[in-house]
Amino acid sequence: MRRIAYVFGSLAATGAGTYMVIYLYRWQWQRAVICGVLLLVVEVLLLGIVLGGRLTRIEERLRDTDRRQREADTLREDVLARLRGRAAEREETRFRWLEDPADRAHVFVPVLMVTGVLLSGLAWVVQRMASATARPAERRLAGRLAVLAAPDPGAPGDLEDRPPLGPRPSPGRTARVAAVGVVAAGLLVALVAGLADLTQTRQERADRDEVTSVIVQVDMRGTDMTAARRSLAAQQVWERCRDSTSVPLRHAMLGDLGDGLFAGVVRPSLTEHDRMRLRGCLEDATLERAHLTVLGIGDADADADEH
């Protein structure tokens with residue numbers, strides 16, 4: 001289930017990010033903001049799923065630790081109870097020979113003393129033999145541990161001058177890692193350069209002898225949307241978008257053609273970039289219950305338009 005959530009979240013984030021870039025390129029700011037908010041929500045959702053999984057694993061580990069601790073405490077108490085029971089039994093039977101009748105000969109203490117003396121002498125002999133024979137073994141052990149000893153601080157050379165331990169890096173692997181890094185850097189640079197080339201504002205000259213005509217269709221949602229409301233909505237959006245181009249549209253009026261169609265004429269003609277900005281502004285979702293669709297935009301001769 002978690003993998004399915006990751007897959008759908010990744011797809012949603014990719015789609016939202018892609019459309020955000022597309023709407024930014026089309027100068028449709030409201031739609032870009034909506035896609036950006038959706039992308040942020042999906043990222044927070046994925047982060048919550050990851051954190052929830054981590055917290056679940058931590059809780060499971062804590063429960064396992066508590067269970068093991070309880071089992072260990074129970075086992076410890078059981079062992080302690082057994083040891084205490086055996087100790088009590090031993091206390092009851094300690095020195096039973098002292099309770100025997102007095103007419104018996106008690107020779108336990110003298111035998112114990114003689115045995116202690118003999119064992120002490122035997123231990124002294126073993127210690128002397130061990131000290132005499134342990135020197136070669138100690139030397140061999142010291143020779144084996146010499147490779148693990150730290151270098152003498154006063155000796156010439158430093159640890160940095162010595163070759164590193166472990167396997168040496170393979171030249172082929174280093175070359176592959178370098179090649180992958182170069183390719184990734186090249187793709188990143190190409191992506192940034194391509195986006196910059198697509199989204200940059202270019203200086204273009206407008207033709208003073210031509211005009212730009214725009215045909216717009218206005219769709220309204222609701223049962224009480226009359227022609228007057230449709231015309232008012234078209235005028236509101238048109239007035240707001242007159243400042244969206246690089247040159248403000250001072251002498252540009254929008255005429256009603258009927259049946260939800262409106263036509264606007266812009267003098268002088270707009271450049272390609274300004275036409276894209278005007279289309280994006282008109283089609284952006286900024287007015288409630290109204291949607292404008294640009295059916296056509298192009299240049300025409302100014303003299304023919306006047307006639």
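Colleague: Where is the place of Arg-289?

Modeller: Arg-289 sits in the loop between α6 and β4 (290–301). Helices (H or I, at least four residues) and strands (E, at least two) are DSSP runs, numbered from the N terminus. This is a predicted model, in which local features need pLDDT of at least 70 and side-chain atom pairs count only at pLDDT 80 or more, while totals for chains, interfaces and linings use all residues. Residues are numbered from 1 along each chain as its sequence is written, and side-chain values use heavy atoms, with hydrogens and water left out.

Colleague: Why does Arg-289 count as partly exposed?

Modeller: The relative accessibility of Arg-289 is 36%. Buried means under 20% relative accessible area, exposed means over 50%, and partly exposed is in between (1.4 Å probe, protein chains only). The value for Arg-289 falls in between, so Arg-289 is called partly exposed.

Colleague: What makes Asp-259 exposed?

Modeller: Its relative accessibility of 76% is over 50%, so Asp-259 counts as exposed. Asp-259 is in the loop between β2 and β3. That hairpin has 2 residues between the strands. Here is something to look for: Asp-259 has a positive phi of about 60° although it is not a glycine.

Colleague: How do you know which strands pair with β3?

Modeller: Two strands pair if DSSP finds at least two bridges between them. Strand β2 (residues 252–258) is joined to β3 by 6 bridges, in the antiparallel sense. Strand β1 (residues 210–220) also has 6 bridges to β3 (residues 261–266), and these two run antiparallel.

Colleague: Where is Gln-217 found, and what does it touch?

Modeller: Gln-217 belongs to strand β1. Leaving out residues up to four places away in sequence, Gln-217 touches Gly-260, Leu-261, His-291, Leu-292, Thr-293 and Leu-295 (contact means heavy atoms within 4.5 Å). The C-alpha atoms of Gln-217 and Phe-262 are 6.3 Å apart, while the residues are 45 apart in sequence. With 28% relative accessibility, Gln-217 counts as partly exposed.

Colleague: Why is α5 called oblique to α6?

Modeller: Helix α5 (residues 227–241) packs on helix α6 (residues 272–283) at an angle of about 140°, with the axes 9 Å apart. Angles under 35 degrees count as roughly parallel, over 145 as roughly antiparallel, 65 to 115 as roughly perpendicular and the rest as oblique. The angle belongs to the rest, so α5 is oblique to α6.

Colleague: Which residues meet where α5 and α6 pack?

Modeller: Val-237, Trp-238, Arg-240 and Cys-241 in α5 meet Leu-278, Cys-281 and Leu-282 in α6. By class, this contact has 6 nonpolar, no polar and 1 charged residues. Here Ala, Val, Leu, Ile, Met, Phe, Trp, Tyr, Cys and Pro count as nonpolar, Asp, Glu, Lys and Arg as charged, and the others, Gly among them, as polar.

Colleague: How many helices and strands does the protein chain have?

Modeller: There are 7 helices and 4 strands in the protein chain. Their pattern along the sequence is α-α-α-α-β-α-β-β-α-β-α. Of the 307 residues in the chain, 18% are buried.

Terms used
Axes are lines fitted to C-alpha atoms, for helices over the stretch in contact, and angles run from 0 to 180 degrees between N-to-C directions.
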